[in-house]
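The following exercises are to be worked with the sequence and the three-dimensional structure at hand. Each consists of a task sentence and a solution in steps.

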Amino acid sequence: MEANLLAELGEEAKVPVLSLSELRTSPFGAPGEYPFFVEIAQDETSQVTAISGLIEMFKWRDVILLYENTDYGRDIIPFFINSFEEANVTIVYKSCIAASSADEQIIEELRNLTKLKTTVFVVHVSHFLVPRLFLNAKKLGLLSEGYAWIMTSTSMNFLHSSMDPSVIESTQGVLGLKSYTPASTRLHNLTSRLRRIFYMQDPNIEVSAVIPDGIWAYDATWALAEAVERTSSSTGLNLVNLNNITSSKHGLLLLQEILQTRFKGLSGEEIQYPNGKLVSSAFEIVNVIGKGERRVGFWPCEEKHTCTRDSYPLNNRRNLLSTNDLETIIWPGGSSTIPRGSKMQLSNSSEIKLRVGVPVKKGFNELVHMNLDIQTNRTRFTGFCIDVFEAAIRALPYEVKYDFVPFEIGINASYNDLVYQVFLQTFDAVVGDTTITWERSQYVGFTIPYTDLGVGMLVSNENGDMWIFLKPLSADLWITIAGFFILTGFVVWVIERPVNPEFQGTPSQQIGTILWFAFSTLVYAHREKLLNNLAKFVVIIWVFAVLILTSSYTATLTSIMTVNQIRLNSRGDYIGYQSGSFTQGLVKNLNFKGLKPYNLVEEYALALSRGSKHGGVSAIVDELPYMKVFLAHYPTGYSMIKPESTLLQKSKKTT
């Protein structure tokens, strides 16, 4: 709140404001709203990507976000949501606690968290709220074995400098981020030696630890002093007395000097404030153990080691690729085993199995197929949809046991009935060639699509014709064009013959010149030079006409040779569809003479080859995955017409 107020004052007075606190912001906020406000501390939103990288590295898929109910605590939440979404991490619950909450209120909120299956907590609260939060969490057993807590630098930077030993004891095993500078370790060792020296002289003397904020404040003071000196030397104005700043020009010059500052500071880094924000190197990953904390690794924000809010990309890849990048971590409860992130114990229970429904029907076995082994009397399911489901199960960080249960698709049961069984809890899930429709989504949830979307049409190609190149134009038009070719050559010959030697000669040579010149204009290859302007005008008109003719001819011929032109007649053509599929209800709304159901790929090919006049169909309407299976069996002789866009949301899914 104070930072935003000072930013407003600095903007009004046109005077630079240097602040350790950040402005309220969001991932979608407009940058540069307060150009006179300079942040001299590390941008806290940059640590969001680091925390997402840690969670992704430990293969946790669900987290609980616990933050303080203040503007300061809420502003970082959109950054967490965007970063977790990119990492495919779900925030199962967002717990908001006010700093003014009584212990009873905090306990009640934490008790609600114990009812959730997720055991991974991300904490972003001020150091004023940390003691009561963790002391009460420890009482409720939320800091026992199996839990994981990750704290932002907001709390970790002040954990040991302002907390009682009892609070530190309650945070054992907590993982957190701390602001880091190359000088931090050196100054920490120096502080420890000074403490020992002064303790020998007077035990009551306290030596405060040097924190990164103090180092950055020291460097910012030097940056300001140097900027004042450079501004004074260039303008001749004594800026030591602020009363001398009589115009916005002087404040703007001082701001420019601060933004152009670049020197090696006490932090050991090159100090610079591009765009009004400190460029900082990295975060320190620490683990609370015993009476102190132990560094287990670092997290560089980007490849160039910059951590400014403007450079913070939501799609930035995490730099921690494996647990080998960190030293051994002691988690809550004293265990070094990475928590699973969930209370579910599916791998240790042989009784808990998912009942997965699988549609069984004739045809298109490449997607889903059921095989019955007569000798062992066991049912085996194969197909692309089954492979995708099993690959997803193998990718989970824990074991999931399941049984496939066949569901017959036919006259008495449809895909809608199969999906509805999930809503009735007869099945825990459905795996197969199930289409996403609006009606079904009212009862169940679908995974993301893993095949093409939409509905298309299968047609039979026309037989090859050696005279197909004549079909784009009618016979009358061919004769007319040939006549105009000869006429154009004759007109040019009449105009050019008296003055142009190239159009003279024996009668046979002149006839050849007329024909050659006329037809060579088709490809603009005529070599005869025209001397008469009237002849040139005639040729210009003719070449323009030839351009239009060739373009129209090429487009029509391409259309004929690429896809068979379909002229479906609602009174005389039959349309085919897959029996029991989603398209069955779709094609029934078409006003055609007849609709014919099919099940097998071979039936598709036979019906299309016969056509409507011989007991078959003119086209088959089906979904794209089925049509691709058909074309894999019959790559020639048939074409798939796919609409540019579709209102149907179709895919083969796991429900």
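**Exercise 1: The seven-stranded sheet**

An open sheet in this predicted model holds seven strands in the order E4-E3-E5-E6-E7-E10-E11, and its pairing is mixed. Strands pair if DSSP finds at least two bridges between them; helices (H or I, at least four residues) and strands (E, at least two) are DSSP runs numbered from the N terminus. The model is predicted, so local features need pLDDT of at least 70 and side-chain atom pairs count only at pLDDT 80 or more, while totals for chains, interfaces and linings use all residues. Residues are numbered from 1 along each chain as its sequence is written, and side-chain values use heavy atoms, with hydrogens and water left out.

*Solution.* 

Step 1. Axes here are lines fitted to C-alpha atoms, for helices over the stretch in contact, and angles run from 0 to 180 degrees between N-to-C directions.

Step 2. Strand E7 (residues 175-180) and strand E10 (residues 282-289) run antiparallel and are joined by six bridges. Within this pair, Gly176 stands opposite Val286 in E10.

Step 3. Two helices pack on the sheet. Helix H4 (residues 77-86) touches E3, E4 and E5, and its direction makes about 170° with that of E3. Helix H5 (residues 103-114) also touches E3, E4 and E5, its direction making about 170° with that of E4. Contact means heavy atoms within 4.5 Å.

**Exercise 2: Strand E3**

*Solution.* 

Step 1. Ile64 stands opposite Phe121 in E5.

Step 2. Buried means under 20% relative accessible area, exposed over 50%, and partly exposed in between (1.4 Å probe, protein chains only).

**Exercise 3: The five-stranded sheet**

*Task.* Describe the sheet that contains E17 and name the bridge partners found along that strand.

*Solution.* 

Step 1. Five strands form an open sheet with mixed pairing, in the order E19-E18-E20-E17-E21. Its edge strands are strand E19 (594-598) and strand E21 (638-641), each pairing on one side only. Neighbouring strands are turned by 30° against each other on average, direction ignored.

Step 2. Strand E17 (residues 455-460) runs antiparallel to E21, with four bridges. Leu458 stands opposite Met640, and the bridge partner of Ser460 is Tyr638.

Step 3. E17 is likewise antiparallel to strand E20 (residues 619-623), again with four bridges; Val455 stands opposite Glu623 there.

Step 4. Gly637 lies in the loop between helix H21 (624-633) and E21. Gly637 has 35% relative accessibility and therefore counts as partly exposed. Leaving aside neighbours within four places in sequence, Gly637 is in contact with Val459, Ser460 and Asn461.

**Exercise 4: Asp433**

*Task.* Decide whether Asp433 is buried or exposed, and list the polar contacts of its side chain.

*Solution.* 

Step 1. Asp433 sits in the loop between strand E16 (429-432) and helix H15 (438-441).

Step 2. Its relative accessibility is 3%, so Asp433 counts as buried.

Step 3. The Asp433 side chain makes polar contacts with the side chains of Tyr415 (2.9 Å) and Tyr626 (2.6 Å). A polar contact is a pair of N or O atoms within 3.5 Å; within protein, one must be able to donate a hydrogen and the other to accept it, and residues adjacent in sequence count only if both atoms are side-chain atoms.

**Exercise 5: Helix H13**

*Task.* State where the buried residues of H13 fall when seen down its axis.

*Solution.* 

Step 1. In helix H13 (residues 384-394), the residues Cys385, Ile386, Phe389 and Ile393 are buried.

Step 2. These buried residues fall within an arc of 100° seen down the axis of H13, so they line one face of the helix. The arc is that of the directions from the helix axis to the C-beta atoms.
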